[in-house]
Amino acid sequence: MQQIVDLQNDPAFQALGVALVSIASDSLEELRQAGAAWAISTVPLLSDRERQVSAAYDVLQWAVPSGEPGHTFVLLDRDGRVAWIRDYGAPENGGLMYVPVTELTQAIREHLAGRQAR
């Protein structure tokens with residue numbers, strides 16, 4: 001949840017102009033409670049209990065040492081196609097549960113700049 005809060009509140013991330021949606025395998029009630037406890041107000045928290053969304057995007061394959069899935073970020077274009085994906089839970093990406101906001105923002109900014117240059 002800290003990741004969502006930090007992204008929600010970061011001006012540099014907000015300046016990217018991308019919509020942020022959190023999709024987790026927690027129940028709706030767990031997400032409601034967590035959203036309230038963490039003061040998440042601008043990011044939709046969606047429940048993927050059956051992991052259908054995760055399977056569709058082939059994410060959440062890796063677990064961090066605590067057993068929780070690492071964070072995967074998917075950037076979709078306006079037509080809903082995957083434009084960029086980074087599975088930070090994967091061993092080659094550090095098996096991260098929390099990605100520093102500056103690192104994530106920079107990666108997305110670079111991807112967006114590359115798309116605009118074309």
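## Overall picture

Of this chain's 118 residues, 32% count as buried. Keep in mind that we're looking at a predicted model. The exposed surface comes to about 7,400 Å², with carbon and sulfur atoms supplying 52% of that area.

As for secondary structure, the protein chain has 5 helices and 4 strands. Walk along the sequence and you get the pattern α-α-β-α-β-α-β-β-α. Take the contacts between residues at least 6 apart in sequence: 49% of those join residues at least 24 apart.

## Helix α3, inside face

Let's zoom in on α3, which runs over residues 28-37. Which of its residues are buried? They are Leu-31, Ala-34 and Gly-35. Viewed down the helix axis, the buried residues of α3 sit within an arc of 100°, so they line one face of the helix.

On the face turned away from the buried side you'll find Arg-32, Gln-33, Ala-36 and Ala-37, which are exposed. Put together, α3 has Leu-31, Ala-34 and Gly-35 buried, while Arg-32 and Gln-33 are among the exposed residues on the face turned away from them.

One backbone detail comes just after α3: Ala-39 takes a positive phi, at about 55°.

Key. Residues are numbered from 1 along each chain as its sequence is written. This is a predicted model: local features need pLDDT of at least 70, side-chain atom pairs count only at pLDDT 80 or more; totals for chains, interfaces and linings use all residues. Side-chain values use heavy atoms; hydrogens and water are left out. Helices (H or I, at least four residues) and strands (E, at least two) are DSSP runs, numbered from the N terminus. Buried means under 20% relative accessible area, exposed over 50%, partly exposed in between (1.4 Å probe, protein chains only). Contact means heavy atoms within 4.5 Å. Accessible areas come from the Shrake-Rupley method with a 1.4 Å probe; for residues, only the protein chains shown count as cover. The arc is that of the directions from the helix axis to the C-beta atoms.
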